[in-house]
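Reader: I would like to learn how to read a sheet and its surroundings from a model. Could you take me through it step by step?

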Amino acid sequence: MAMSITRGRPLVTPVIHVTSPRQALENVSIAADVGADGVWLISHQGDDDALIPLADTVVAHHPGLMVGVNFLGSTSGQAVKTIAASGSPAITGYWSDNAG
């Protein structure tokens with residue numbers, strides 16, 4: 001099992017299924033309050049573009065929290081380009097269901 005270098009325990013990074021910014025921020029706050037190392041944001045409504053400003057807002061409220069995203073509507077190549085073009089320093093992780 002991978003262990004956090006800084007905490008000596010497994011990393012805890014829950015997935016937040018975003019239905020609205022308010023709901024996502026409430027869920028992120030719950031995760032942060034119980035000691036999560038980070039969160040993953042995903043939208044099953046296909047609203048990938050909204051995840052970037054949401055990630056920025058999450059980090060503004062919870063500095064130091066790792067924030068990753070999953071863009072269900074994009075290939076990995078498209079998502080990496082979108083994240084890079086956004087210039088957002090908040091997104092520090094990406095996972096993909098579509099590596100093609």
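**Reading the sheet and its neighbours**

Author: Keep in mind that this is a predicted model.

Reader: In what order do the four strands of the open sheet lie?

Author: The order is β1-β2-β3-β4, and the pairing is parallel. Because β1 (15–17) and β4 each have a single partner strand, they stand at the edges, and one side of each is left without a neighbour in the sheet. On average, neighbouring strands are turned by 35° against each other, direction ignored.

Reader: How many aromatic pairs does a search of the whole structure find?

Author: The search finds two. One of them is formed by W40 and W95, edge-to-face, with 5.4 Å centre to centre and 90° between the planes. This pair links distant parts of the chain, since W40 lies in strand β2 and W95 in the segment after β4 (91–94), 55 residues apart.

Reader: Is W40 buried or exposed?

Author: Buried means under 20% relative accessible area, so W40, at 17%, counts as buried. W95, at 27%, counts as partly exposed.

Reader: Where is D48 placed, and which residues does it touch?

Author: D48 sits in the loop between β2 (38–42) and α2 (51–61), and it is buried, with a relative accessible area of 7%. Leaving aside residues up to four places away in sequence, D48 touches S43, N70, F71, L72, G73 and S74. D48 and S74 are 26 residues apart in sequence, yet 8.1 Å apart in space, C-alpha to C-alpha.

Notes: Residues numbered from 1 in each chain as written. Predicted model: local features only at pLDDT ≥ 70, side-chain atom pairs only at ≥ 80, totals over all residues. Heavy atoms only, no water. Helix = DSSP H or I, 4+ residues; strand = E, 2+ residues; numbered from the N terminus. Buried < 20%, exposed > 50% of the residue type's maximum accessible area, 1.4 Å probe, protein only. Contact = heavy atoms within 4.5 Å. Phe/Tyr/Trp six-rings, centres within 6.5 Å; stacked < 30°, edge-to-face > 60°. Pairing = 2+ DSSP bridges. Axes fitted to C-alpha atoms, helices over the stretch in contact; angles between N-to-C directions.
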